[in-house]
Amino acid sequence: MSQQQNTNEEEDDYGPLLISHLEQSGISVSDIKKLKEAGYFTIEAVAYAPKKALISIKGISETKADKLLAEAAKMVNLGFTTAMDVHQRRQEIVTITTGSKELDRALGGIETGSITEIFGEFRTGKSQLCHMLAVTAQLPIDMGGGQGKCLYIDTESTFRPSRVLSIAQRYSLSGEETLDNIAYARAYNTDHQTSLLIQAAAMMSETRFSVLIVDSAMALYRTDYAGRGELAARQIHLAQFLRHLQRLADEFGVAVVITNQVVAQVDGAAGMFNPDPKKPAGGNIIAHASCTRLYLKKGRGNTRICKVYDSPSLPENECTFAIMEDGIADAVE
């Protein structure tokens, strides 16, 4: 009992501040309820929100929005800090193992608090890596895990619990518990995909999650919006979805992992000089939103090649890994 109390106290110290704390600042219970219904479950969420987003909530006037932002700003540090503070915080960032030592060496693990995009053709191991992270995220931190649950949004119906069970066996985890710790949702259209993030925020405010997986982020956008006529609307909707993902990463410190498809580059003459005329779908919007971008390619047999395509801290390099019965592992020469 005392151990659980300590854990709760620790979470209060380090975790996000729940929106109910605003009651002490004179914000009414009914206003807090309205904010929750709109997907604001933490004080950080309010502090990071633009004023017009708060005004658009039914029942929140401009005066109330100003008061909410002022009170939230008192509790959340929104000003400048020294680079030394940032450096120290970065040292404490938890990374989640991929199951392959070679891949972990190249990436340093999957970073929490930021968006990692995995893109490639079909059969390159994107969904396999997602299944792997759904399990390794639950491992203790000293084993390379995130010591939290997993949230899995599936848009292509590729989630297979049997894969999770065989990976759990590798780490001597209880299969039933491992599956119970994965909150799964199937998204059927782009609006549904975005609304699931509001439910995700509600769940994250109640219990500790260490990874949020969206497999795949672009699939529904490519079918819901067709042709150049709807391109601008698609990119605006996609940008809002990715902004919401980044907000969850900032608020709750979860690792956000999204998978993406590729499109063929049909530039005529340019294709003659480009040995690999494929690029990730989603254009510049998804390119700027993702912190780390990983490009997966097929190798021989069960081996796959992972290339660091874009990262603020990692050099551009490649490594190989293998897809085994018990998940992702090092490739055997």
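Predicted model: local features only at pLDDT ≥ 70, side-chain atom pairs only at ≥ 80, totals over all residues.

Student: Why is S290 called buried?

Tutor: Its relative accessibility is 4%. Buried means under 20%. Therefore S290 counts as buried. S290 sits in the loop between α15 (283-289) and β10 (292-298).

Student: What makes the pairing of S290 with E117 a polar contact?

Tutor: The two side chains come to 2.9 Å. The limit for a pair of N or O atoms is within 3.5 Å, so the pair qualifies. The side chain of S290 also reaches the backbone oxygen of I286, at 3.0 Å.

Student: Which residues does S290 touch, not counting those up to four places away in sequence?

Tutor: They are I115, E117 and I258. Touching here means heavy atoms within 4.5 Å.

Student: Why is S216 called buried?

Tutor: Apply the cut-off of under 20% again. S216 has 1% relative accessibility, so S216 counts as buried. The loop between β6 (209-215) and α12 (219-224) holds S216. A polar atom of the S216 side chain lies 3.4 Å from the backbone nitrogen of M218. Leaving aside neighbours within four places in sequence, S216 is in contact with T155, E156, T259 and Q261.

Student: How do you know that the span of α11 is close to the expected one?

Tutor: Helix α11 (residues 190-206) has 17 residues.

Student: What is found at the start of α11?

Tutor: A side-chain oxygen of N189 reaches to within 3.0 Å of the backbone nitrogen of D191.

Student: What do the buried residues of α11 pack against?

Tutor: They pack against β4 (149-154), β5 (182-186), β6, α12 and α13 (231-252). Among these buried residues are L196, L197, A200 and M204.

Student: Which residues lie nearest the centre of the second largest pocket?

Tutor: Y40, A53, Q240, H244 and R247 do, out of 18 lining residues. The elements that give two or more residues to this lining are α4 (51-55), α11 and α13. The most comes from α13, with 5 residues. The pocket's volume is about 600 Å³.

Student: How many residues of each class does that lining have?

Tutor: It has 8 nonpolar, 7 polar and 3 charged residues. Tyr and Ala count as nonpolar, so Y40 and A53 fall in that class. Arg counts as charged, which puts R247 there.

Conventions:
Residues numbered from 1 in each chain as written. Heavy atoms only, no water. Helix = DSSP H or I, 4+ residues; strand = E, 2+ residues; numbered from the N terminus. Buried < 20%, exposed > 50% of the residue type's maximum accessible area, 1.4 Å probe, protein only. Polar contact = N/O pair within 3.5 Å; in protein donor to acceptor, adjacent residues only side chain to side chain. Expected span 1.5 Å × (residues − 1). 1 Å grid on protein atoms, 1.4 Å probe; cavity = no way out; pocket = protein on both sides within 12 Å on 5 of 7 lines; lining within 4 Å. Points joined across faces, edges and corners; volume = space filled by probe spheres on them.
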